[in-house]
Every structure is written in C-alpha cells, then in structure tokens.
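This briefing is meant for a reader who is meeting the structure for the first time. Please look over the sequence and the model below before going on to the notes, which are grouped by topic.

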Amino acid sequence: MENSFSKQVNRYIFLAIILIFAFFLFASLRQFFPAFLGAITFYILSKSFVAWLVKKKEWNKSMAAILIIILSFFVILLPVATLISLLYNKISAVLANPDVITNSIKQADNVIQQKYHISVISGETLATIRTKASDLLSIILNKSLGFVSTILMMYFFLYFMIINTSRFEAALILYLPFKKDKIKLFGDELVHQTFSNAIGIPAIAVAQGLAGFLAYWIIGLQEPGFWGVVTAFTSFIPVVGTGIAWAPIAVYMFVLGHYWQGIFMIFYGALIMGVLDNVIRFILAKKMADVHPIITVLGVILGLQYFGILGLIFGPLLISYFFILLKIYYVEYQKPIAKQLRKRQIMPAYMQPLIGFTKFKSKPAAKSKKNVAG
C-alpha cells in the first residue's frame, strides 16, 4: 500500500513538473502558436495528396513537402496576400492623411444639413477620428510585419511535419492518453472540422466578395473591386457580417441623392447577400462537418483578439478542437460512469439534463398474498 501511494505521489509531482514546463514553453513561444496552427491545418488538408504522391508516384517526402509548400503559396497565400496588400495600400494611404476622411465626412454632413437641417458630426468627433486613424495605421503596420514572420515559421513547421509524417502520427498515438479507437475518433473529427473551417469560411468570403462586386458595379460605385474585397473580409465578422460594407454604401447613395441605387443596395444586401451566406453554409454542411454558428462567431472574436487576421480561421478551429476533446473525454471517462449509474437506477439531479436521464418510476407495491375468503 505504501509503495502504491508513493508511486501515485511521484506521478502527480512529475505531472505537475511537466505542466509547469509546458506552461513556460507556451508563454515563451506563444507568438509562434498561429504558425503552428497553420502548419497543422495545411498538414491535414494535404495529407491524402502527400500519401498519394509517396505511395503511388513514389515521390520522396522532401519533394512532396516542397510541392505542397509551392502549391499552397501560389493557390492560397499569394491571392490572399495580394488582397491584403490591396487593402493595406488603400487604408494606409487614407490613414496617413486623415484630412481625406474628415473632409469626406464634412461634405456628407453639409449635404445632410442642407436637406434635413440636422448636424450629425461635431468637431470633437472629427478630432477623435483623426487620432484613431493615426493609431490604426501603426497597428496595421505591426500586424503586417508579424504576418510575414508567421507565414515563414508556418512553412518551417509544415515541412518537418510532412517529411516526418509517420513519426509525427505515431508519437501522437503513443503519447495521447486515450485508446486507439478514441484517437481515431479524434482524428476523424479533426479532419472534418478542419476542412469545414479552413475551406468553408473562405468559400463564403469569396462568394460574398463576388456578390458585393456585382452590386457595386451595377450602382456605379467607384472602385467596385476594392469594395468587393472589403465585403469579402467583412463576411468574417460575427453577427453583422457584410452589412458593415453594404449598409454605409446604401446610406452614402441616399446622401448623394441617388435614391434607386440606395434602395437597390438595401434590398440586394438584405436578400441576396443575406440568403447567399445561409445557402453556402447549408451546402457545405452536407459535404463537411456542420459547424454551429455560435462556434464561428466566438471563434472569430477569439481569433482576432489573439492571432490577428489569421485568427479569422484559426479561432473557430481552436473552439472546434476544444469540443472534440470534450467529446472524447466524455466517451472515455464519463460515459462508462453514466452507464453504471443507469444500471443502478441512480443519477444525481445535476447530471439529468446533460445526459438525458429520466427518473425511474417507483415499483408498484406487491399484491397481498392473503387468500380472499369465500
């Protein structure tokens, strides 16, 4: 008994030391966490293609890894980087000269005053806008430099993950504290959620950007391509989504006196772009994992706060992975306990709504065995 107790104590002490080291390493290297998440995402997306190259075409793993890096760069990252640079150049040019923003706002305010005799913008608001514009420019510059370093580290991780595919997955099977069937469950869920988030969310953004470009071209808005890109990025934002882009444009059209363009923009944005988002999600839900909108909303908020622009995809992924771990924990540890409690017809009240347990009816009283006279 003493030996087993001492072993348990040593085990917990050793586990505490491991956790302390893990926390220290994570705190020290947390700036590379988005790069690691990106490497895992590309590894999962390219795994079947790499396996086909290695087994069917007898490619070297290093060559397969280099091909994946090149393809992902030109097919995914280069278009995204081009769109981001387009936005960055436009936004930085405006933010570097805040008078452009304030003069446009003053002009709109003058039009509203002449037509409706209402002043919307005050001098203090204009001064605040000028200050916020200067602060936002420095933030965008820092984020863009961090984006480049994150991409380089992501490819560094991805290369070694691909060339060590067998060792990487064997280590996960060895060190994860679950049985093989639970690890398979984890792997399947991981693949489905990764495909759903990493492909589904950008697909919605592209569709919304193209729909926005068409609407802006119809109403004659200047630079419809630029505003289409803005609309694509606003589709990531929770709850309001593309309304951040098309609603101000509709108001701007009304202010300029272009009434049919403003009415068209409101109906097009509310009906076409609103329905388009739901249709694409419905189609993707049939092909991939059905990600709940709450996970997407909370994931985007979390991702933008901690990972910047990359968090638009990695945030929902993290929350999805968290729920996968909860599911595996329940199947591995909680489900057997629940089964035993059901057999014994014993269940704490606080577990009933979670597991769906219903109270057992009390057994009917045994009939009296006394003989009935006569």
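At 41% relative accessibility, Glu-223 counts as partly exposed, and this residue is found in the loop between helix 7 and helix 8 (224-234). The model is a predicted one, and the chain that it shows has 13 helices and 0 strands.

- Most residues other than glycine have a negative phi.
- Phi of Glu-223 is near 55°, which is a positive value in a residue that is not glycine.
- Glu-58, which is not a glycine either, has a positive phi of about 55°, and its place is in the loop between helix 2 and helix 3.
- With a relative accessibility of 69%, Glu-58 counts as exposed, whereas Glu-223, at 41%, counts as partly exposed.

**The chain as a whole**

- Read along the sequence, the pattern of the chain is α-α-α-α-α-α-α-α-α-α-α-α-α.
- The chain has 374 residues, of which 32% count as buried, and its accessible surface comes to about 24700 Å², with 69% of that surface belonging to carbon and sulfur atoms.
- When contacts between residues at least 6 apart in sequence are considered, 68% of them join residues at least 24 apart.

**Nonpolar cores**

- The largest nonpolar core has 31 residues, and those with the most contacts inside it are Met-154, Tyr-155, Leu-158 and Ile-162.
- Two or more residues of this core come from each of helix 2 (33-55), helix 3 (61-96), helix 5 (123-163), helix 7 (180-218) and helix 12 (311-343), and helix 2 gives the most, with 9 residues.
- Leaving aside residues up to four places away in sequence, Ile-162 touches Tyr-43, Ser-46, Val-50, Lys-61, Ala-65 and Ile-68.
- Another core, of 13 residues, lies apart from the largest one, and among its members are Ala-211, Ala-215, Trp-246 and Ala-250.

**Aromatic residues**

- A search of the whole structure finds 11 aromatic pairs, one of which is the edge-to-face pair formed by Tyr-159 and Phe-160, at 5.3 Å centre to centre and with 85° between the planes.
- Tyr-159, at 25% relative accessibility, counts as partly exposed, and Phe-160, at 40%, counts as partly exposed as well.
- One aromatic cluster is formed by Phe-36, Phe-156, Phe-157, Tyr-159 and Phe-160.

Conventions:
Residues are numbered from 1 along each chain as its sequence is written. This is a predicted model: local features need pLDDT of at least 70, side-chain atom pairs count only at pLDDT 80 or more; totals for chains, interfaces and linings use all residues. Side-chain values use heavy atoms; hydrogens and water are left out. Helices (H or I, at least four residues) and strands (E, at least two) are DSSP runs, numbered from the N terminus. Buried means under 20% relative accessible area, exposed over 50%, partly exposed in between (1.4 Å probe, protein chains only). Contact means heavy atoms within 4.5 Å. Accessible areas come from the Shrake-Rupley method with a 1.4 Å probe; for residues, only the protein chains shown count as cover. A nonpolar core is a set of buried Ala, Val, Leu, Ile, Met, Phe, Trp, Tyr and Cys residues joined through side-chain atoms within 4.5 Å. Rings of Phe, Tyr and Trp (its six-membered ring) pair if their centres lie within 6.5 Å; planes under 30 degrees apart count as stacked, over 60 as edge-to-face and the rest as tilted.
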